[in-house]
Amino acid sequence: MERSISAWRCRRTAKVAALVFCAIFALLRIQQETLASVDDGGLLFNCSNIAEININTRNVHGKGVTKHAFLGRYHGSHVLVKMVTGTGYDVTRCLSSNRSSTECYAWANMKLLKEIMLHLELRHASLVQLLGFCVRSEETEALSLSEHGIIGVYEYAVPLTNVESWSLSTRLTSAWELLDLLSYLEQSPLGSLLVADLKRSHLLLRPPHSIVITDLDDVTSVEPKCSSNGSCDHNVKCRNGRCSGHNARHNLLRFHSVLLSDMLHCNTNSSIKQNTSSVCHNLSIGHGSASAIQSQLSTLLRGLNENSDGEFRRLNFLLAE
């Protein structure tokens with residue numbers, strides 16, 4: 001496979017972001033070629049067939065600060081295609097500060113490459129599924145899937161709405177799954193991961209009731225530096241110059257603020273809240289681990305004794321895995 005990135009290009013863009021981009025680009029090209037030479041790695045798309053996806057580049061399905069998402073169709077099924085474009089916020093802001101276009105595109109593409117690499121390393125049902133990717137060049141201007149240099153393809157999930165109206169057992173089970181994700185991120189192969197920029201729009205629905213998270217480009221395993229316990233947020237301890245446990249505690253509090261509070265009716269006076277008040281309290285102050293709060297939810301669900309309910313059977317299946 002032709003390696004279109006070249007040493008002189010890397011030297012020409014010898015800024016920190018561009019150098020990191022070059023390194024990540026090279027690593028992904030190697031991984032891409034390894035997957036192609038061994039097996040498909042469970043992925044549906046690579047550079048050989050990614051252009052078979054039909055997209056309308058005039059119809060942007062989603063727009064973040066770094067990249068655009070386009071709705072695609074492949075053999076009658078929807079997929080989501082992510083690419084960096086010249087009208088993205090990161091690129092336009094960078095260009096307005098008189099940096100070179102090469103450097104500005106390198107920074108944005110680095111974040112997309114990072115997200116693809118994270119999806120290759122992390123495995124959890126509550127992460128939106130990476131279906132494939134193509135890393136062929138640094139070319140960003142062309143929007144054709146046969147020419148664009150760096151492309152990620154993901155499962156299509158729908159916007160998350162009306163979660164507050166789901167049945168109690170459905171909401172408890174979906175909340176259990178999200179807490180399972182937080183527990184996984186705390187102990188991931190890459191270390192304790194922080195979801196640094198979680199928004200409600202980053203949480204999508206895989207029908208019928210599975211909530212998945214998208215946009216991993218701001219995820220980091222670095223915990224804040226500290227000099228003493230008092231210099232750490234969230235009442236965590238300072239150990240070896242780092243706020244140990246900060247990432248896990250921040251994730252718990254942020255997921256509660258963005259979604260879990262609404263899912264569990266934490267801010268209502270309904271009778272349902274009586275069942276979840278202890279869970280709501282622990283979430284609101286970040287007390288305990290995600291796995292400990294999972295156990296509370298499991299007890300609540302079993303207490304409902306809804307053996308004929310599909311969502312209760314769904315939890316039993318998850319617990320048995």
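Asp215 sits in the loop that runs between strand S9 and strand S10 (219-220); helices (H or I, at least four residues) and strands (E, at least two) are DSSP runs, numbered from the N terminus. This is a predicted model, in which local features need pLDDT of at least 70 and side-chain atom pairs count only at pLDDT 80 or more, while totals for chains, interfaces and linings use all residues. Residues are numbered from 1 along each chain as its sequence is written, and side-chain values use heavy atoms, with hydrogens and water left out.

How exposed is Asp215? Its relative accessibility is 24%, so Asp215 counts as partly exposed; buried means under 20% relative accessible area, exposed over 50%, and partly exposed in between (1.4 Å probe, protein chains only). Setting aside neighbours within four places in sequence, Asp215 is in contact with Lys67, Lys82, Glu115 and His202, where contact means heavy atoms within 4.5 Å. With Lys82, the side chain of Asp215 makes a polar contact of 3.2 Å, and with the side chain of His202 it makes one of 3.5 Å. A polar contact is a pair of N or O atoms within 3.5 Å; within protein, one must be able to donate a hydrogen and the other to accept it, and residues adjacent in sequence count only if both atoms are side-chain atoms. Leu127 is 88 residues away from Asp215 along the chain, yet their C-alpha atoms are separated by 9.4 Å.

## The sheet leading up to the loop

Strand S9 belongs to an open sheet of 3 strands, ordered S6-S8-S9, with antiparallel pairing. Two strands pair if DSSP finds at least two bridges between them. The edges are held by S6 (158-159) and S9 (210-213), each with a single partner strand, so one side of each has no neighbour in the sheet.

Strand S8 (residues 203-206) pairs with S9 in the antiparallel sense over 4 bridges, and Leu205 stands opposite Ile211 in S9.

## Backbone points to check

Most residues other than glycine have a negative phi, and most peptide bonds are trans. Here are some exceptions to look up in the model. The peptide bond from Pro207 to Pro208 is cis, with omega near 5°, and Pro208 lies in the loop between S8 and S9.

Two asparagines have positive phi values: Asn98 near 70° and Asn235 at about 60°. Asn98 is in the loop between helix H3 (89-96) and helix H4 (101-121), and is exposed, with a relative accessible area of 73%. Asn235 is in the loop between S10 and strand S11 (237-239), and counts as exposed at 74% relative accessibility.

## Helix H8

Helix H8 (residues 290-304) has 15 residues and reaches 21 Å from its first C-alpha to its last, close to the 21 Å expected at 1.5 Å a residue; that expected span is 1.5 Å times one less than the number of residues. Which residues of H8 are buried? They are Ala290, Ile293, Gln294, Leu297, Ser298 and Leu301. Seen down the axis of H8, these buried residues fall within an arc of 155°, so they line one face of the helix; the arc is that of the directions from the helix axis to the C-beta atoms. On the other side of H8, Thr299 and Gly303 are exposed.

## The protein overall

The protein has 9 helices and 12 strands, and 47% of its 321 residues count as buried.
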